[in-house]
Amino acid sequence: MLKMFKLKNSLVLLFVLFFQIVQSQSVLGIWKTYDDETGKEKSIVEIYEENGKIYGKIIELLEKENKGKKCIKCNGTDKDKPILGMVIIRGLSKDGDEYNDGKILDPKSGKIYKCSLSLESKDKLTVRGYVGISLLGRTQKWIRIKK
């Protein structure tokens, strides 16, 4: 009976550790964004999966001057919507070690770019927005926020 109890506890512990390792090697989670020109902290983005695709939503704005702002330069359904809560990454698919074939919105300019995401390390995300081919674009490094 004691051996069975130890075995069950060991299996539960192993499962929890495995889940934490897998989760830490995923793009899913909460990320702090930085301006690629100034290096200043900009926002907190939650990256999540929905229907097999990857999305990212702004859950906190870190620059005081941007709190309460709306996306006035956006088009379509995002026009004049609050930046806080806005889905800025849409429809990425896993392709090897990278996520791509989706879009990213820059709320400051209102422009939508093609997007790719890749983990540089378990806590550092490379976010690339580009037009046409990946060489024509900008790259940001985001840092994972641990709960």
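The model is predicted, so local features need pLDDT of at least 70 and side-chain atom pairs count only at pLDDT 80 or more, while totals for chains, interfaces and linings use all residues. Residues are numbered from 1 along each chain as its sequence is written, and side-chain values use heavy atoms, with hydrogens and water left out.

I start with the overall layout. The protein chain has one helix and eight strands, in the order α-β-β-β-β-β-β-β-β along the sequence. Helices (H or I, at least four residues) and strands (E, at least two) are DSSP runs, numbered from the N terminus. Of the 147 residues, 35% are buried. Buried means under 20% relative accessible area, exposed means over 50%, and partly exposed is in between, with a 1.4 Å probe and protein chains only.

Next, the salt bridges. A salt bridge here is a side-chain nitrogen of Lys or Arg within 4 Å of a carboxyl oxygen of Asp or Glu. By that rule there are nine. One of them joins Lys-32 and Glu-41, at 3.1 Å from N to O. Glu-41 is partly exposed, at 37% relative accessible area.

Which residues pair with Arg-138? Asp-36 does, with the closest N and O atoms 3.0 Å apart. This pair links distant parts of the chain: Arg-138 is in strand β8 (residues 137–144), and Asp-36 is in the loop between β1 (29–34) and β2 (41–50), 102 residues apart. Asp-106 also forms a salt bridge with Arg-138, at 3.9 Å between the closest N and O atoms. Asp-106 lies in strand β5, so its pairing with Arg-138 in β8 ties together parts 32 residues apart in sequence. Through shared partners, Asp-36, Asp-106 and Arg-138 form one network. Asp-106 is buried, at 14% relative accessible area, whereas Arg-138 is partly exposed at 38% and Asp-36 is partly exposed at 29%.

Now the two loop aspartates. Is Asp-78 buried or exposed? Asp-78 is buried, because its relative accessible area is 9%. Asp-78 sits in the loop between β3 (53–61) and β4. Leaving out residues up to four places away in sequence, Asp-78 touches Cys-71, Met-86, Arg-90 and Leu-105, where a contact means heavy atoms within 4.5 Å.

Asp-97 is in the loop between β4 (87–95) and β5 (98–106). Asp-97 counts as exposed because its relative accessible area is 72%.
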